[in-house]
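Here's a quick briefing to read alongside the model. Have the sequence and the 3D view open while you go through it.

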Amino acid sequence: MTRKFTSGARAAFSIWRILLLAQLREQPGRLCITVLAIALGVALGAAVFLVNTSALNEFGLATKRLVGESDIVIRGPRDGFAEQLFVKLAEDPRISAASPVLELDVALAGRSNTLKVLGLDLFRAAALQPALAGDIGENLFQLFKPDSIYLSSSAAREFNLKRGDFLQVIVGNSPKALRVLGVLSQTTYPQALGVMDIAAAQWTFNAVGRLNRIDLRLAPGTDVDALRRDFGKSLPVGVLAIAPQVERDRAVSVTLAYRVNLNMLALVALFTGAFLVFSTQSLSVLRRRHSLALLRALGMTRGELRRALLGEGLGLGVAGSLIGVILGAVIAAAVLRFLTGDLGNGQLRAAGASLRAAPLSMIAFFVVGTLVAGIGAWAPARVAAQQPPARALKGGDGDYGEVARLSWQLGVVLLMIGAALAWLPPVHGLPLFGYAAIATLLFGAVLLVPAVTMKVLDLAPRTQRTVVDTAVAQLRENVGLSALSLASIIVSFSLMVAMAIMVYSFRLSFDEWLGKLLPADLQLREPFGNDTAFWSINDQANIEAVPGVSRVEFRRTRQLLLDPARAPVTLIARGANEAETAAELPLLQSAPPPLAANSGSAWISEALQDLYGYRIGDRLALPLAGRMQPFTIAGVWRDYARLSGSVVIARSAYVAATGDQSANEGSIWLNTGVGAGDVEKALRARLGHADALEITTSSALHERSLQIFDRAFTVTYALEAIAVIIGLTGVSFAAGSTALARRAEFGMLRHIGMLRRQVIGMLACEGILTSAFGVLYGLGLGVALSLVLVYVINRQSFNWSIDFAMPAWQLAFLSIALIGAAAVTAIWSGRAALSQDAVRAVREDW
Amino acid sequence: MPEAVLRLDNLSKRFSPDRPALFEGLDLELRQGEYLAVMGESGVGKSTLLNLLAGLDKPDAGRVLLDGIDLTALNDDAITLLRRRAIGFVFQAFHVLPYLSVAQNVALPLDLLAVIEPERGQRTREMLAAVGILPLANRRARDLSGGEVQRVAIARALIHRPRLVLADEPTGNLDPRSAAQTLALLRTQVKANAGAGILITHSKTAADTADRILVLDAGGLHP
């Protein structure tokens, strides 16, 4: 038995080597391109994975350092809670260590970004973060001065500051200078932040007597979850007891959908690479059918042939995956070195993240890439092994009638399953069923291609024109080859169409949204997300009094933590009254609810609707000014700026609830004929920290936003182009294989008097018919896939809606270009084949 | 009396129920060392008969016994393995692999039978020499003339010393001189290296090189 197995394996390896080496000699270009396609898919997937993993690791480490070794984090709103809460908790016998913190994102003079500043009681903080005390060391007492700050090494690098320099921060409308006492080591806090004494921080940032975070370590044996639940019942309104893991996971979970979508895009690249393996192997099998039939006649079993051909595909996969893994690591290292590792998302900034070796993951990508290539080669190997050798030796394309019959049934079933999957809800916030729907619809539609091709060719009428009729007859006779070319065009074109429609729809919706939200002439804003810079009543009056200003709408935005497991929600107070507020929003749903007494109206974004389950008419309690203030949801609006959700209330309602009349955003309408530039200069002159203010014309902001949008979709545009190139490559392979295989036929046609240009015309006709049908089929499939992308994947990933729109001109142009390219490819291949001596060409073997 | 290498029992084949049978009730015995020619007009079923003998097709009725083994009772893998060691082919259309060298083409049956060096190389050289193309061993098959290619096919058909050689119109694509040389070579090599051989041809000249001639027509297989 062992001897039989060994000799069998030796025979199989021998034949496999002969076949593969022959392919390498005969078709090196095609094999190289196929290997590169696999490499590209693996590289994209590996690079995205490595960057995300490195960034997540770095981010997780940074967040871990932030909360130290605490067991529970008490977190309140940004404006904080009374510090007496700290005293009460510190005295609790179940608490072994408590560290009060004032954590603020501070606006900086001359910069649009902010710096996280931690105000700490260093003696208490050292219990939870021992390394911090070591770092500060002898400067501890210097830190008690109100104008002193330590910077992390990342912050010092980013702002180019060293010990003895000054950092200018904005508090209210005024700049304040903080002296840099020193720079902390990289390991203490990897991210960019500053550390101050807590009393100094409270004094500097006008938060005397206030904290917004307390880190707790529990006494040994204390039940963490039970204590957290206890605290939850007794803490003030808006203050939550959170597990440190939740803190760490919050930002990670916000970016999960974005990262998964990127991984899906990478998988699309891998899939198209696998499809190229499939079409290359299929064409290769068709081209070699005589040779393969000969091997079967000489005594190669079906299994041996199948394994040899599968081995060819796996060989391509091994080569491509090896290159892909290496390339992916190089790309990831470059991204982490030159970018911040957030891949454009912005929420997962991990400056200084370096590539972490992940050998197991790289092996996994290598294996996946190889397997994917194997899967691509499996079907052609199986078909080749099933072909009756006697028929193949004689000639003919093989019996595809049975294949077509079986595949259309499976195709219809898959289409139905795909349609059903699209209706299913997300799984842990991810559109997994949506992705499955896309894959199933794609496979189902591809499986229908042979049957549809045969039907369409059967129905094609005779035109009485030799060139056209011969072309149709050729397609009919070689339906297997026709179906392969079609499948190649259909897969790539439909993916391209789907992505093009999705991006176009999104861009159009985004453009309209910007138009609605930016009606004024100028937009004015303090650095986004900061906790310290704002305009008082006097500042607002100064702004309104600037010559040329017709009207100003002031807004107050702040972050509210409604659910500890989720990122904070943005509260926007705008509009003089509720009617004005509602009129300014791009509402999707609204209904005048029967308002409860003492309950104002609130308008929530779609994210809040999806993530928190709120509906119109529901009561929404917002933690404001230490109380839960009730509102009734009066509408749902579209918000593309805040993934975690936002809620809008009338500014009057906000002021009534909190007494806070400050503002940090504004829209300015100018008098007729007044220049925006002049007003901008005057505004900067009137406000104390002018250089940090963002003042932009609405049109400029609109245009910049669209540019950022286009940049964010660069990867998608690149993948569209890759999909089209791979489709054209598949068509080119098919055309080339066909032309080579038909040299004898061309020679015969030339013998009987067909002109060279007529033969080329016939080939062009075949190329045009094939690609035109493929484009139409691909358009239909692409529209279906785009519906899933727009209404399912996009909505479930990012919790916002898009209005469906078709980029008709773009698709028409691409369709014509693809048909033209296919025709040119067919002609070019034909010309190459027709260059052979016609007499020699009729010899059967070559 | 030499044992029967090949026996046909009541062999019948038709391509579709609504068409007349190609042949019915064929009986044949081919002895060790015998070289048989089967003649017939185009379309009478000569190549179909060859496919049935090689196990590449299944009859509608009857049996094909090769060295006493009933091919009709075997599954595809078993037939293939039997074909690998016991049958050699020479086709009208040559059917060599154009991208392999002459030596590699000839050695294909040995590769399938897992024969390794040095035996593989030695037997290949011997067979190439026997058919007179040893100097062409390293040339690509696509670079040869028709007569040279057919010699490659003959060498390949006999290198593994099969029990049965099947030659389907081996000289159909050759000029008369090359055809005559090929037929002589085929007979010599079948006698030297195989159990028995069958030559399918429509040419009387080619058939005359065999020990026995049978004609396949609507009436069956008869002298």
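What follows covers a sheet, a helix and some salt bridges.

Keep in mind that this is a predicted model. In chain B, four strands make up an open antiparallel sheet. Over all chains, the structure holds 39 salt bridges, and a few of them are picked out below.

**The sheet in chain B**

- Reading across the sheet, the strand order is β2-β1-β4-β5 (chain B).
- The edges belong to β2 (23-31) and β5 (69-70) of chain B; each has a single partner strand, so one side of each has no neighbour in the sheet.
- Strand β1 (residues 4-13) of chain B runs antiparallel to β2(B), and six bridges join the two.

- Helix α1 (residues 46-53) of chain B lies across β1, β2 and β4 (61-66) of chain B.
- As for direction, helix α1 of chain B runs at about 120 degrees to β1(B).

**A salt bridge inside one helix**

- B:E119 and B:R123 join their side chains in a salt bridge, at 3.0 Å from N to O.
- Both B:E119 and B:R123 sit in helix α4 (residues 119-130) of chain B, four residues apart, which is about one turn of the helix.
- Are the two partners buried or exposed? B:E119 is partly exposed at 40% relative accessibility, whereas B:R123 is buried at 14%, the cut-off for buried being under 20%.

**A salt bridge between a loop and a helix**

- B:D211 pairs up with B:R187 in a salt bridge, with the closest N and O atoms 2.9 Å apart.
- B:D211 is in the loop between α7 (204-207) and β9 (212-217) of chain B, and B:R187 is in helix α6 (residues 176-193) of chain B, so the pair ties together parts that are 24 residues apart in sequence.
- B:D211 is partly exposed, with a relative accessible area of 39%, and B:R187 is partly exposed too, at 29%.

**Over in chain A**

- Salt bridges with shared partners link A:R75, A:E103, A:D105, A:K116, A:R213 and A:D215 into one network.
- A:R124 and A:D121 also meet through their side chains in a salt bridge, at 3.8 Å from N to O.
- A:R124 is partly exposed, with a relative accessible area of 36%, and A:D121 is partly exposed at 21%.

Note on methods. Residues numbered from 1 in each chain as written. Chains lettered and ligands numbered in written order. Predicted model: local features only at pLDDT ≥ 70, side-chain atom pairs only at ≥ 80, totals over all residues. Heavy atoms only, no water. Pairing = 2+ DSSP bridges. Contact = heavy atoms within 4.5 Å. Axes fitted to C-alpha atoms, helices over the stretch in contact; angles between N-to-C directions. Salt bridge = Lys/Arg side-chain N within 4 Å of Asp/Glu carboxyl O. Buried < 20%, exposed > 50% of the residue type's maximum accessible area, 1.4 Å probe, protein only.
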